[in-house]
Every structure is written in C-alpha cells, then in structure tokens.
Amino acid sequence: MKFGFSLLISILCFFIIPEISAEWFPLDSEQNIPTLKEFRKNQELLVECMNREIDNGEHRQDAKGNIIFKPFPVCRETGKPLSLKYGVSEDINCTIPLTDEMYHLFQLYVHEDAPFSCRLPISAEHDSVVNGNGYVPMDLNFRGVLSDSHTHIDTSMNLLIVKPNNFNSIISSVGWSSSTNTTRYVIGDYMTLQFAVRWLDVESQRGSGHHFKYYNDGFYSLPKNINDQGITASQLLFYALITVLFTGAGVYAVLYARFNKRLIRDLGFKPVNDFGVAKKD
Ligand SMILES: *[C@@H]1O[C@H](CO)[C@@H](O)[C@H](O)[C@H]1NC(C)=O
Ligand SMILES: *[C@@H]1O[C@H](CO)[C@@H](O)[C@H](O)[C@H]1NC(C)=O
C-alpha cells in the first residue's frame, strides 16, 4: 500500500518535474554545438556590447525580438572600436568620448542599474557566429561614485579570458575595475580606459574527461594558486626571506655560544636574551 503510493508519486514526479540535465554551452539555434573554427594567435576579436536605453538601461531589441549588440565604442588611439588579439596578454588603452548618451549609460553601469554587457565570439568562422549562439558574455564591472554634477569612475580594468588548453576558442571572460583610483568625469570629457588583458590557458577539471566535438568538457576552473604559472616576485621574496632566516639561524647557532663564552671569560660580559633582559644564572 505504502510502496504503491510512493511509486505513484514517483511516476507523477517523473512527468511533472522536468529532468535536471546538463548540456553544452553555448548551443546554436538548432540546439547543437555550434560549428567552431579555431582562432589564430593574434587574430582580431571584435568586442560587441549590448545596446541599452539611456533612461532605464533596458536592452534594445530588433523587430524580431533579438537583442541588439553593437561594436564597443571607437577608441581614439586606433580610430576603431575596441578589439582584442586572440591569445595575446597585453595592456590596451581605449579613450572614448563621454557623449551625453555614453555618460548616462556609465551612470547606470556605475550605479549597477544595468550591467555593461559585452560579448566575445568563440569561433573564427563568422557564419557559425551569425547563425548560432557563438558568443560568451564579457560583462565589464565598472565601479565609481555618482554625484549630481559629475561621476568618479575607476577606469583601470582587468580583463580575464579563459581559453581551453587544447583548442583556440573561448570558455569565459569578465572585466572589472581594479585600481585604487577613480577619475572625475563630466559630460563631454574623454575617458581613457586602461585594459590589462590577460589570457589564461586552462585545462578542464571535474568533467567527464571526454574530448567533445572540439575540446574537453568540464569546469575550466582557475588553478588554486594562479601564481603557479610562474614564480612571482612575492614568491621570490618569500624564498629569499626563508633562506636568509635559515642562514641567519645557522650562523647564530654556531657563533653565539663561542662569542658568548669568550666575552664572558675575557670581559666578564653578562649575556642578554632576545628581550634585552639580563639572564639570571
Ligand atoms: C595608457 O595610458 C596611461 C595613462 O595615460 C599611460 O601611463 C600608459 O603607458 C598607457 N598604456 C599603454 C599600453 O599605452
Ligand atoms: C592614483 O592617484 C594618485 C593621486 O591621488 C596618483 O599619484 C597616481 O599616479 C594614480 N595612479 C594611477 C594608476 O592612476
């Protein structure tokens, strides 16, 4: 009786509760893994961003209901919209004019009323990008302080892009303000964004271990110690310090006794401990 009841519930649940299943991201419009073509190192990647309404930050859509993406604003440095070089970690400056519209959008971004939503293509083949959902999001989290007459913005941006170690596509990316400074802006100013673009070549973890159509499935998590990618200045300093301490301790141990004995014998010197208090014998 009881068993029958739970069986009935189970069967009902099976039909009512949709099965939780993992699936590949991104899929194209036919729900298949999009056709990917590897990027060449150095290949230009256009950064595109969502077109937003300046009064409420809502995204704009075309007649078919598709969200409209436009190239990132034109940088004065290059005369072209911001683009990245595939696989190249570099620092890029991009100076954009704070037109009335741009200034108001930045107010929304800094106030976190709307995200500055950009995207990067995951394939060098333009057709698959157009037909399918061949992008990963790259939100730019600008921080700052708003006031009535002006806006302070931290324009130093870290831009992190994770790529699979065995295929030249992109898994994920994000950008965020990361300095101790903000700069004051009013409408009509030019704003220089300083991007530190860093590519991370990552091996998939915690997946089925399968090599899928193009690269391994799984979580492309960052290594626990990102600094393992190479010895860093702080690690060097740490090792140097350890070496100095051990060498110092060794020298101290060898010489301390000898010198003290001599001092005590020859000069009647009373040894002091590390706290500067005379030892009581
Ligand atoms: C970007 O601009 C800053 C400030 O003007 C400058 O110090 C820096 O060298 C520039 N970086 C590059 C990569 O041009
Ligand atoms: C940050 O601001 C200080 C002055 O407040 C300035 O000296 C310094 O150069 C600025 N640093 C950067 C990275 O802009």
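Tutor: In this predicted model, let us begin with strand E9 (residues 151-154), which is joined to E12 by 3 bridges, the two strands running antiparallel. Within this pairing, histidine 152 stands opposite arginine 184 in E12.

Student: What holds the strands of a sheet together in general, and in which order do the strands of the sheet with E9 follow one another?

Tutor: Strands of a sheet pair through backbone hydrogen bonds, either parallel or antiparallel. Here, 3 strands make up an open sheet in the order E8-E9-E12, with antiparallel pairing. Its edge strands are strand E8 (143-146) and strand E12 (183-185), each of which pairs on one side only. Neighbouring strands of this sheet are turned by 25° against each other on average, direction ignored.

Student: How many strands form the sheet that contains E13, and what is their order?

Tutor: That open sheet is formed by 8 strands in the order E3-E2-E6-E7-E11-E10-E13-E5, and its pairing is mixed. E3 and E5 are the edge strands, each pairing on one side only. On average, and with direction ignored, neighbouring strands of this sheet are turned by 25° against each other.

Student: What is a disulfide, and how many does a search of the whole structure find?

Tutor: A disulfide is a covalent bond between the sulfur atoms of two cysteines. The search of the whole structure finds 2 disulfides. One is formed by cysteine 49 and cysteine 118, whose sulfur atoms are 2.1 Å apart. The other joins cysteine 75 to cysteine 94, with an S to S distance of 2.1 Å. With bonded cysteines counted along the chain, the pattern is 1-4, 2-3.

Student: Is the disulfide of cysteine 49 and cysteine 118 right-handed or left-handed, and why?

Tutor: The torsion about the S-S bond of cysteine 49 and cysteine 118 is about 90°, so this disulfide is right-handed. Because cysteine 49 lies in strand E2 (residues 48-50) and cysteine 118 in strand E6 (residues 116-121), the pair ties together parts that are 69 residues apart in sequence. Both cysteine 49 and cysteine 118 are buried.

Student: Is the disulfide of cysteine 75 and cysteine 94 right-handed or left-handed, and why?

Tutor: For cysteine 75 and cysteine 94 the torsion about the S-S bond is about -90°, so the disulfide is left-handed. Cysteine 75 lies in the loop between strand E3 (69-71) and strand E4 (83-85), and cysteine 94 in strand E5 (residues 90-97), so the pair ties together parts that are 19 residues apart in sequence. Cysteine 75 is buried, its relative accessible area being 2%; cysteine 94 is buried with a value of 0%.

Student: Which residues surround ligand 1?

Tutor: Asp91, Asn93 and Gln194 surround ligand 1. An oxygen atom of ligand 1 is 2.3 Å from an N or O atom in the side chain of asparagine 93. Of the 360 Å² of accessible area that ligand 1 has on its own, the protein covers 33%.

How values were computed
Residues are numbered from 1 along each chain as its sequence is written. Chains are lettered from A and ligands numbered from 1 in the order in which they are written. This is a predicted model: local features need pLDDT of at least 70, side-chain atom pairs count only at pLDDT 80 or more; totals for chains, interfaces and linings use all residues. Side-chain values use heavy atoms; hydrogens and water are left out. A residue is near a molecule or strand if one of its heavy atoms lies within 4 Å of it. A polar contact is a pair of N or O atoms within 3.5 Å; within protein, one must be able to donate a hydrogen and the other to accept it, and residues adjacent in sequence count only if both atoms are side-chain atoms. Accessible areas come from the Shrake-Rupley method with a 1.4 Å probe; for residues, only the protein chains shown count as cover. A disulfide is a pair of cysteine sulfur atoms within 2.5 Å. Helices (H or I, at least four residues) and strands (E, at least two) are DSSP runs, numbered from the N terminus. Buried means under 20% relative accessible area, exposed over 50%, partly exposed in between (1.4 Å probe, protein chains only). Two strands pair if DSSP finds at least two bridges between them. Axes are lines fitted to C-alpha atoms, for helices over the stretch in contact, and angles run from 0 to 180 degrees between N-to-C directions.
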